Amino acid sequence: MKYMLMIYAAADQQVNCTVEDWMAYEKEMRDAGVLVSGHSLADLVTATTVQVGPDGKRTVTDGPFAETREVLGGYDVIDVPDLDAALEWAAKCPGSRDGGAVVVRPIAEFDF
Amino acid sequence: MNVEQVFREERGRLLATLVKRFGDLDLAEELTSDAIEAALRHWPVDGVPDRPGAWLLTTARRKAVDRLRRDRVHAARLAVLQVEVDRADPPVADGLPDERLELFFTCAHPALPEEDRGALTLRFLAGFTTPEVARAYLVPVTTMQQRIVRAKKKISQARIPFRVPDPHELPERLPGVLQAVYSIFTEGYAAQRADLAGEAIRLARILHGLLPAEREVTGLLALMLLVHARRDARHDLLEDQDRTLWDRDMVDEGTALVERALTGGYGPYGVQAAINALHDEAPDFENTDWPQIVALYDVLTKLAPSPVVALNRAAAVAMRDGAAAGLALLDELAGEPKLRDYHPFRAARADLLHRLGRDDEAVSAYREAIELAGTESERELLRLRLAALLR
């Protein structure tokens with residue numbers, strides 16, 4: 001079962017974890033064979049939103065779709081047996097500390 | 001045992017076994033209903049079998065095969081079923097597996113909304129129907145239906161597992177299970193439904209049977225027994241209760257459990273149980289062991305501090321050291337937002353003011369308490385006290 005771990009940082013967050021912490025976390029996921037994919041996202045000021053209206057007209061705006069206090073900073077997709085295992089990995093993620101949060105969402109599976 | 005009792009005893013256990021087997025709550029519920037329906041047809045004619053649980057499980061398995069053959073959506077699970085049927089069951093006392101502990105942990109999983117955990121426990125482990133669960137929590141049936149459907153959807157789609165947490169996870173996970181069971185008890189207590197409180201005790205007994213060495217499970221069962229023992233007298237406040245109405249057998253059982261819950265360590269449920277044991281063993285309110293009760297509240301304050309614990313501690317201090325000492329502590333708590341609208345706080349204050357001869361202040365404190373009380377019986381009790389004061 002695949003889960004996306006969405007790593008959110010509070011806007012005013014004091015970050016205490018280091019690059020080494022993130023590298024160690026990624027290595028641990030790789031070694032355990034659970035990491036499907038993962039990326040960190042560039043700074044929020046670089047975000048651009050695209051919407052296409054019913055007339056096919058494209059609207060491009062600067063910034064994310066919804067302004068929130070919590071900023072999506074990156075994600076990992078992991079493949080583990082169940083939610084408990086996914087929550088374990090979320091708790092190990094450096095992004096879950098110092099006021100940050102990791103939102104765990106199952107990837108939808110469709111039977112065709 | 002009559003057929004109703006058999007179903008009540010066996011339903012949760014059968015459901016847990018089927019959930020474990022198929023990993024699917026909906027399917028397990030359907031099979032449980034099928035098996036019970038079959039029993040309702042056969043047992044009145046053939047008699048209740050010697051091992052009703054085994055009969056129900058065998059029937060449910062047969063129904064599973066029928067259902068999975070018919071139903072292409074579930075066809076993939078047939079393979080799983082075959083493997084499971086071929087595999088020998090783990091040896092247990094009466095030859096039947098008991099997977100209710102897994103189900104307890106699923107119902108109280110931290111990923112589910114806290115207010116739904118007690119409801120799910122009633123539904124799946126106590127065998128309540130959705131309308132019965134709705135009535136227990138005083139919400140409309142459609143609301144409860146939506147909550148249960150949403151919770152089941154999360155359990156299945158987010159794949160919340162049916163498993164007993166590892167020993168190192170237990171300290172984090174067990175309190176949730178205990179809280180779910182205790183919430184059923186407190187709901188029953190607030191609504192004056194002895195049947196619901198009794199159901200919570202039955203669930204705690206099952207849990208205690210499954211985790212006999214967990215002191216807080218023992219403590220929770222003891223606490224509920226020691227409070228429930230006073231059920232027939234509780235239309236009065238503790239100090240006015242007719243103590244001959246208390247259930248002595250239940251007190252004895254609870255007291256014996258408290259001793260076990262407090263051997264070699266203690267947790268909040270065990271300490272609360274001990275406080276209630278002291279009340280239950282006291283000849284009357286005056287001659288209760290107040291120094292010991294205050295000491296236990298001190299322990300509880302360290303383990304699980306809360307404004308309500310502080311309030312109860314202040315009331316015990318008032319009995320040990322006099323009303324003035326208790327009132328001083330209550331006045332320190334006056335700023336607590338959690339106590340502002342909590343009528344027992346006003347009532348306790350009114351009581352102490354009256355004991356100090358400050359009756360004018362006591363009258364207005366009683367009036368505030370009556371205003372804030374949630375149920376008619378609570379208001380009635382407070383009105384009686386106010387009337388006695390004005391006489």
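Biologist: Is Ala348(B) buried or exposed, judged by its C-beta neighbours inside 10 Å?
Modeller: In this predicted model, Ala348(B) has 23 C-beta neighbours inside 10 Å. The cut-off for burial is 20 or more other C-beta atoms within that distance. Therefore Ala348(B) counts as buried.

Biologist: In which helix of chain B does Ala348(B) lie?
Modeller: The residue belongs to a helix of chain B that covers residues 343–355. Beyond four places in sequence, Ala348(B) touches Leu311(B), Ala315(B) and Leu330(B). The helix that holds Ala348(B) is H18.

Biologist: How far apart in space are Ala348(B) and Leu262(B), C-alpha to C-alpha?
Modeller: In sequence, 86 residues separate Ala348(B) from Leu262(B). From C-alpha to C-alpha, the distance between Ala348(B) and Leu262(B) is 29 Å.

Biologist: How many helices does chain B have?
Modeller: The C-alpha trace of chain B spans about 80 × 45 × 40 Å along its principal axes. Of its 391 residues, 38% are buried. Chain B has 0 strands, and its number of helices is 20.

Biologist: Among contacts in chain B between residues at least 6 apart in sequence, what percentage join residues at least 24 apart?
Modeller: Contacts between residues at least 6 apart in sequence form the set considered in chain B. Within that set, the share joining residues at least 24 apart is 57%.

Biologist: Which UniProt annotation covers residues 173–261 of chain B?
Modeller: In the model, this span is 71% helix and 0% strand, and its end C-alpha atoms lie 19 Å apart. The annotation comes from an unreviewed UniProt entry, which labels residues 173–261 of chain B as "domain: DUF6596".

Biologist: Is Leu138(B), which has a positive phi although it is not a glycine, buried or exposed by its C-beta neighbours inside 10 Å?
Modeller: Leu138(B) lies in the loop between helix H7 (130–136) and helix H8 (141–157) of chain B, and its phi is about 55 degrees. Most residues other than glycine have a negative phi. Because Leu138(B) has 10 C-beta neighbours inside 10 Å, it counts as exposed.

Biologist: In which loop of chain B is the place of Gln192(B)?
Modeller: Gln192(B) also has a positive phi, near 55 degrees, in a residue other than glycine. With 13 other C-beta atoms within 10 Å, Gln192(B) is partly exposed. Its place is in the loop between helix H9 (170–190) and helix H10 (194–210).

Biologist: Over which residues of chain B does pLDDT stay under 50?
Modeller: Chain B averages a pLDDT of 90, and 93% of the residues score at least 70. One stretch stays under 50, and the model gives that stretch 5 contacts beyond four places in sequence. Where pLDDT is low, the predicted coordinates should not be read in detail. The stretch in question is residues 85–93.

Biologist: How many residues of chain B are in contact with chain A?
Modeller: The predictor gives the complex an ipTM of 0.86 and a pTM of 0.87. Chain A contributes 5 residues to the contacts, and the number from chain B is 6. By class, the side of chain B that touches chain A has 1 charged residue, 1 polar residue and, for the nonpolar class, 4.

Biologist: In E5(A), which residue is the bridge partner of Ile7(A)?
Modeller: Strand E1 (residues 2–10) of chain A runs antiparallel to strand E5 (residues 70–79), joined by 9 bridges. E1(A) also pairs in the antiparallel sense with E6(A) (residues 101–106) over 6 bridges, where Leu5(A) stands opposite Val104(A). In E5(A), the bridge partner of Ile7(A) is Gly74(A).

Note on methods
Residues numbered from 1 in each chain as written. Chains lettered and ligands numbered in written order. Predicted model: local features only at pLDDT ≥ 70, side-chain atom pairs only at ≥ 80, totals over all residues. Contact = placed C-beta atoms within 7 Å. Nonpolar A, V, L, I, M, F, W, Y, C, P; charged D, E, K, R; others polar. Pairing = 2+ DSSP bridges. Helix = DSSP H or I, 4+ residues; strand = E, 2+ residues; numbered from the N terminus. Buried ≥ 20, exposed ≤ 12 C-beta atoms within 10 Å, placed from the backbone. UniProt positions renumbered as here; feature names shortened; annotations may be inferred. pLDDT = per-residue confidence, 0-100.
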